[in-house]
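This report looks at side-chain contacts in a predicted model.

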Amino acid sequence: MCNGALWRTRSGCAPPERSCSVSDTLRGTRGAQALRKIAMIQARKAFTHTIYTYQRKEHKLVKTGVYRFIRHPGYLGWFWWSIGTQIMLTNPVSTIGFAVAAWRFFAARIPYEESKLVAFFGQEYVHYRRETPSWIPFIP
């Protein structure tokens, strides 16, 4: 996702070698939001905004659909959606700020959440975590 012409106008920075249009950025942002929604639908009751410290009866390890390829598709979708919205607003300072804040949030949240998932699902989750990347930069 990029918008070189608008960034150059606002920031005085040189655009990337291949500039993308606002519509390209919008498509990427919509795709990221769609990924998050698909993850919510596929996980059903296993998708919550709360990290539970105990295993609920309806809590199942979802490893199908988008979860087959992405360990935390809801987080990945939100990560890229939040950055994409700032790129669309042509605000390089906020784009960097959102990227750093979102990354720091997930760098702390994912290990904590996964420690609970290992406690709930044991070796099944350990194997899933080893085989399925998060696709969030620098978060294995």
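## Aromatic cluster

Tyr75, Trp78, Trp81, Phe105 and Phe106 make up one aromatic cluster. The count of aromatic pairs comes to eight. One of them joins Phe105 and Phe106: the ring centres are 5.0 Å apart and the planes stand at 70 degrees, so the pair is edge-to-face.

Phe106 is buried, at 2% relative accessibility. Phe105 is partly exposed, with a relative accessible area of 43%.

## Charge over a ring

Arg56 meets an aromatic ring too. Its charged end sits over the ring of Tyr52, 4.5 Å from the ring centre.

## Salt-bridge network

Six salt bridges are counted. Among them is Arg71 with Glu114, whose closest N and O atoms are 2.5 Å apart. Arg71 lies in the loop between helix H2 (22-43) and helix H3 (73-88), while Glu114 lies in helix H4 (residues 92-121), so this bridge ties together parts that are 43 residues apart in sequence. Arg71 is buried at 4% relative accessible area. Glu114 is buried as well, at 5%.

Glu114 also forms a salt bridge with Arg129, with the closest N and O atoms 4.0 Å apart. That pair links helix H5 (residues 123-131), which holds Arg129, to helix H4, across 15 residues. Arg129 is partly exposed, at 31% relative accessibility.

## An exposed pair

Glu131 forms a salt bridge with Arg130, the closest N and O atoms being 3.9 Å apart. Glu131 is exposed, with a relative accessible area of 51%. Arg130 is exposed at 57%.

Technical notes
Residues are numbered from 1 along each chain as its sequence is written. This is a predicted model: local features need pLDDT of at least 70, side-chain atom pairs count only at pLDDT 80 or more; totals for chains, interfaces and linings use all residues. Side-chain values use heavy atoms; hydrogens and water are left out. Rings of Phe, Tyr and Trp (its six-membered ring) pair if their centres lie within 6.5 Å; planes under 30 degrees apart count as stacked, over 60 as edge-to-face and the rest as tilted. Buried means under 20% relative accessible area, exposed over 50%, partly exposed in between (1.4 Å probe, protein chains only). A charge sits over a ring if NZ of Lys or CZ of Arg is within 6 Å of the ring centre and within 35 degrees of the ring normal. A salt bridge is a side-chain nitrogen of Lys or Arg within 4 Å of a carboxyl oxygen of Asp or Glu. Helices (H or I, at least four residues) and strands (E, at least two) are DSSP runs, numbered from the N terminus.
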